Amino acid sequence: SSGACVAAGKRMTLKARTVEDRALLELIEPVAESLGLDIVRVRLMGGTLRRRLQIMAERPSDHDIAVEECARLSRAVSEVFDAADPIAGEYLLEVSSPGVDRPLTRLSDFDLFEGYEARLESDRMIEGRKRFKGMIAGTDGDNVAMDLEGEEDTALIPFDWLVDAKLVLTDELMKAGAEKRAARNDNSDETED
């Protein structure tokens, strides 16, 4: 059917939302990879006067990023953008970590954060709604598995239908974040000795 072609051509990522964001992601992603980083999300925001380009990045090994790595990525992206000039006018470049209540932008994120609470939004109605909240139950093929509030069965939502997905800030998530920071601090103490 003609619908299958449209679906196949649609982005398999929530890293970039607009056509402009996707074009910027194509420039930014190889720069990040050369520094050993993954791009979580790219968003160009704001009006015509001064726009803000927000880049969320992380190390693939532990899904974290250091301040120095943010600075390195920022400098490297600035160099590429000075040459390519992809954004008209002035813009502010912000490179940051995804944060604790992070956006979920890759199908693999839903396996990584299985057991945590998330909010999802789809681009079409699924059983009468577009917004979902519940526990991530991993993935099944190209679908996100969710145990939705008040539902018996695990729902399967096609990843390709999602327009937004992020973790919900819960006590469990805060605790996991604190444990990760503590482990990181322990490791950095050892390397300094």
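**Pockets, then a helix pair**

I looked up the second largest pocket, and its volume is about 200 Å³. I noted that 13 residues line this pocket, with Ile 126, Glu 127, Leu 148, Glu 151 and Ala 155 nearest its centre. Strand S5 (129–140) and strand S7 (155–158) each give two or more residues to that lining. S7 gives the largest share, four residues.

The model is predicted: local features need pLDDT of at least 70, side-chain atom pairs count only at pLDDT 80 or more, and totals for chains, interfaces and linings use all residues. Residues are numbered from 1 along each chain as its sequence is written, and side-chain values use heavy atoms, without hydrogens and water.

My pocket rule: on a 1 Å grid over the protein atoms alone, a pocket is an open set of points where a 1.4 Å probe fits, with protein on both sides within 12 Å along at least five of seven lines; lining residues have an atom within 4 Å of a point. Volume is the space filled by probe spheres set on the points, joined across faces, edges and corners. Strands are DSSP runs (E, at least two residues) and helices are too (H or I, at least four), numbered from the N terminus.

Next I checked the largest pocket, of about 380 Å³. Its lining has 18 residues. Helix H5 (residues 171–192) gives the most, six residues.

Last, I turned to H2 and H3. Which residues of H2 meet H3? They are Leu 24, Leu 27, Ile 28, Val 31 and Ala 32, where contact means heavy atoms within 4.5 Å.
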